[in-house]
Amino acid sequence: IRAIYNSAIKEDIYVPVKNPFSLYRIPSTKRNKKKALTKEKIMAIRNLKYETNSSIWHTKNYLLSMFNCRGMNLIDLAKLQVKNITENRIHYGRSKTGDSLSVRITEELAEILDYYLKNKGQNDFIFPIGYDGSPESFTKYRSDRRLVNKLLKKIADDAGIEERMTSYYMRHSWATIAKHL
């Protein structure tokens, strides 16, 4: 509101008798600590070995897939279908903003996808946490998200990561590492 008010004054659209913002200051807030992992910590996660097809093994694959997809959100990963893959790329719409994105499939992501794409049709979800947007499947997605975040604590412990990691760490980690590269 203050910006619009000041813009009107600057453009001579409004001449104030008394400026209500002259004494008002926006209080400063503490900046939240960025939730990003270093390259070394991502490598530590990559090097973890879990029993194939176990819940923690799937969770590790979700993390690495999200990282390889430029920090994709878990809900966007859950919505991915086989038909979203064309010509070595994943095309999807960001749930939060609706923005269309296209991500190149890296070598690591290709290895992960090889497992999940076996015997699936074009309309099948890639990952077992599939979410179609319906209220019924959202309940299952929320339950799966809680399990993923619980297992992330175990993965973090196993990788020697002290941060209280959540699925959102992959988003910030990718962006921070990319910025530094």
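Helices (H or I, at least four residues) and strands (E, at least two) are DSSP runs, numbered from the N terminus.

This is a predicted model: local features need pLDDT of at least 70, side-chain atom pairs count only at pLDDT 80 or more, and totals for chains, interfaces and linings use all residues. Residues are numbered from 1 along each chain as its sequence is written, and side-chain values use heavy atoms, with hydrogens and water left out.

Helix 3 is mostly covered, with 13 of its 14 residues buried. Buried means under 20% relative accessible area, exposed over 50%, partly exposed in between (1.4 Å probe, protein chains only). Just after helix 3, Arg 70 has a positive phi of about 60°.

Now the core. The largest nonpolar core holds 43 residues. Such a core is a set of buried Ala, Val, Leu, Ile, Met, Phe, Trp, Tyr and Cys residues joined through side-chain atoms within 4.5 Å. Helix 3 gives the most to this core: seven residues. Ile 45 is among the members that touch the most others. Leaving out residues up to four places away in sequence, Ile 45 touches residues including Lys 60, Leu 64 and Met 170. Contact means heavy atoms within 4.5 Å.

Pro 128 sits in the loop between helix 5 (107-116) and helix 6 (135-158). Pro 128 counts as partly exposed because its relative accessibility is 43%. Beyond neighbours within four places in sequence, its contacts include His 58, Tyr 62 and Asp 144.
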